[in-house]
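Please keep the sequence and the 3D view at hand while reading.

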Amino acid sequence: MDIAEDNVIASAPAGQGSRRSGTKVYLVGGGIASLAAPAFMIRDGDVLGRDITIFEESGKIGGSLDGAGSPQNGYVLRGGRMIERKYLCTYDLFSSIPTLDGSRSVTDEIFTWNETMKT
Ligand SMILES: Cc1cc2nc3c(=O)[nH]c(=O)nc-3n(C[C@H](O)[C@H](O)[C@H](O)COP(=O)(O)OP(=O)(O)OC[C@H]3O[C@@H](n4cnc5c(N)ncnc54)[C@H](O)[C@@H]3O)c2cc1C
């Protein structure tokens, strides 16, 4: 196995419906930038998930967000993080990402949580 194969940590699942084929995307680094970009490419660019590869040298995804956890138990970020209403692109992306229980979007979950935590 070469270095590139060693560092492949995520290959997004194949998209559904009529999708562009032949486009290959390779992202260096598994931080939020390289996790967000494929979501936009799949949702808005009709790129197939299986054609997107992320290379991460540390073996952990998340980069500076420094998160840990699992799909079963959820994820925790160690630091306190600000996520404000002006993060329009983030909320646009999260509006199409379901929460772990699938009941609503991550954007809805964040806004609801913010309502309970007045600062
Ligand atoms: C303590 C702290 C608090 C913060 N608080 C906030 C906040 O409240 N609100 C906010 O919006 N932002 C906050 N930020 C900033 C935010 O976390 C970063 O802007 C964001 O995570 C950067 O994401 P990124 O994907 O661009 O880069 P990174 O997260 O730096 O990811 C880059 C990844 O690339 C990998 N990599 C590098 N070179 C290579 C290579 N050659 N080959 C393979 N992999 C490579 C690295 O290992 C890393 O995983 C905070 C940052 C820190 C450190």
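In this protein, 63% of the contacts between residues at least 6 apart in sequence join residues at least 24 apart; two residues are in contact if their C-beta atoms, placed from the backbone, lie within 7 Å. The model is predicted: local features need pLDDT of at least 70, side-chain atom pairs count only at pLDDT 80 or more, and totals for chains, interfaces and linings use all residues. Numbering starts from 1 along each chain as its sequence is written.

The protein has 4 helices and 5 strands, which are DSSP runs numbered from the N terminus (helices: H or I, at least four residues; strands: E, at least two). Read from the N terminus, their order is α-β-β-α-β-β-β-α-α. Of the 119 residues, 10% are buried, where buried means 20 or more other C-beta atoms within 10 Å of the residue's own, exposed 12 or fewer, and partly exposed in between, with C-beta atoms placed from the backbone.

The ligand is surrounded by 18 residues, with G29, G31, A33, G63 and S64 the closest; a residue is near a molecule if its C-beta atom, placed from the backbone, lies within 6 Å of it. Helix α2 (residues 32–45) supplies the largest share of this shell, 3 residues. By type, the shell has 6 nonpolar, 9 polar and 3 charged residues; Ala, Val, Leu, Ile, Met, Phe, Trp, Tyr, Cys and Pro count as nonpolar, Asp, Glu, Lys and Arg as charged, and the others, Gly among them, as polar.

The loop between α2 and β3 (52–55) contains D46. D46 is not a glycine, yet has a positive phi of about 55°. Most residues other than glycine have a negative phi. D46 is partly exposed, with 14 other C-beta atoms within 10 Å.
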